[in-house]
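Please read the following explanation alongside the sequence and the coordinates.

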Amino acid sequence: MPPAIQLALLIAILLPAGKIVAALLTRFGIPAILGELLVGVIAGPGCFDMLHMHAFSGSDAGSAFLLIAQIGGLVLMFIAGLETDIDRMREAGVTAFLVALSGVIWPFFLGAGAAHTLGLSWSTSCFLGGALTATSVSISARTLMDAGRMTSPEASVILGAAVIDDVMGLFVLAFLAASCSTTTSSFGVAPALSAWLQGHSAFGSSHPLMVQMTLLAVCVSAFFVIAYAAAHYGADPFMRLARKLDVNEAVTSCVLALVLLYAVSAEWLGSVAGITGAYLLGYVFASAKLKPLIERTFHSIGHGFLVPLFFVSIGLSSNFRALGGHWLLLSVIFAVAVVSKLVGCGSAALVMGMGKVRSFRVGCGMISRGEVGLIVTAMGASTGIFRESEVAVMVTVVLLTTLITPLIMRGAFSIGDGDDILAPGSEQASEDYTGVLEFQAE
């Protein structure tokens, strides 16, 4: 079977399966996200191992599917940026920073301490703690969208903190990489300059960590300044030029290309995850004049095709058979992963005066892990710091936190809070989101 046909068959099976299971779960009050994740888990190596079946093995169809799914993650974050309340995001700036900082410190030290207590070496324990620091905002963003809460104060803090969290996680990763003699990817400005300085400068060769951290700080700052300014001043002129093209959906095509370009530039210039660049672009486009047009078309492209594949791919990448007898380690690290974010981020929000209920919601929204945690896990495995059991534990923890976050967030938002009624614009936001859903249904 030709690879293109294999890929088409794979998508034809998994895409509607995710939607069907999601529809069934929503009838029982379970978030639709879990339906797509569950389909991936069932089709993954822990159950049917679909990508290695005879019909799909021997080609690059599985790899192509996972790559397309990653594009879905970028589109999801762009949509999340579009639906972000800019005024409330600015108001939540200091709060988001403190939430992100607390959400890095607590998981790192608790995770490293717990792992060392259970018999792991300090190097392995620190890598494990580093893998627990970053938050995967994709799950939280989708849950907030499904619940019609993207304009809530909690959403502004969660999404803002997750972006900052990604940058802080980068510095943790850089420290971990420098603490062991390993070579990391040379893609990007910061790694290339760091390698050059370490090879051509006495100071660089004797102080590699200081050089690496300084260059990372400069490149991250440069990316956010340049990317924000370019989008802020060029969004409306760019879309006006795209509208002049006498072809169908020219604006959609050009904006999608810009989303991908921002993702690439985030990795290359800023050395941050590509989803950060996609979210930043959506955040700026939220104030563009043609926002309703962009939002409508990207809802169709994203939620109708790319985003479901992204969540299915998370399950496809998981294998529970390698856990063996390491259930105690898994249980402890999973508990640390949940409690550290819930208490750390929630307490920071509470200190900033968000109230008990909203602080609890913020903590719940920061629980899920994702691609950054898997990157740290992969680095630990490639350097021999992680054995197969630790890799299996971390992948399972990432998946479990991804699975429980929508349930916990739904429960948190079901708790009554008097400020929800008084929140300015909350009723209109709910009506707007209902209108989007009605449009999708048509």
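**The nonpolar cores and their surroundings**

Among the 79 residues that make up the largest nonpolar core, those touching the most other members are Phe-78, Val-99, Val-255, Phe-285 and Ile-294; a nonpolar core is here a set of buried Ala, Val, Leu, Ile, Met, Phe, Trp, Tyr and Cys residues joined through side-chain atoms within 4.5 Å. Helix H11 (residues 208–243) gives the most to this core, contributing eleven residues. Apart from this core lies another, of 20 residues, which includes Ala-114, Leu-329, Leu-330 and Val-397. The model is a predicted one, in which local features need a pLDDT of at least 70 and side-chain atom pairs count only at pLDDT 80 or more, whereas totals for chains, interfaces and linings use all residues. Residues are numbered from 1 along each chain as its sequence is written, and side-chain values use heavy atoms, with hydrogens and water left out.

Because twelve of its twelve residues are buried, H13 is largely enclosed by the rest of the structure; buried means under 20% relative accessible area, exposed over 50%, and partly exposed in between, with a 1.4 Å probe and protein chains only.

Taken as a whole, the protein chain has 20 helices and zero strands, where helices (H or I, at least four residues) and strands (E, at least two) are DSSP runs numbered from the N terminus. Of its 442 residues, 51% count as buried, and residues 24 or more positions apart account for 82% of the contacts with a separation of 6 or more.

Individual residues illustrate such pairings. Leu-316, in helix H14 (residues 291–316), is buried with a relative accessible area of 7%, and, not counting residues up to four places away in sequence, touches Leu-14, Gly-40, Ala-43, Gly-44, Pro-45, Leu-51 and Phe-65. Between Leu-316 and Leu-38 there are 278 residues of sequence separation but 9.5 Å from C-alpha to C-alpha. Leu-144, in helix H7 (residues 137–146), is buried at 1% relative accessible area, and its C-alpha is separated by 8.9 Å from that of Gly-365, which is 221 residues apart along the chain.

Thr-401, found in helix H18 (residues 388–414), counts as buried at 0% relative accessibility. A polar atom of the Thr-401 side chain lies 2.9 Å from the backbone oxygen of Val-398, while the contacts of Thr-401 beyond four places in sequence are Phe-334, Ala-337, Ile-367, Ser-368 and Arg-369.

Confidence should be kept in view throughout. The chain averages a pLDDT (the predictor's confidence in each residue, from 0 to 100) of 81, and 85% of the residues score at least 70. Confidence is highest in helix H15 (residues 327–351), at a mean of 93, and lowest in helix H20 (residues 426–441), at 39. Over residues 421–442 pLDDT stays under 50, and for this stretch the model has 16 contacts beyond four places in sequence.

Note on methods: Contact = heavy atoms within 4.5 Å. Polar contact = N/O pair within 3.5 Å; in protein donor to acceptor, adjacent residues only side chain to side chain.
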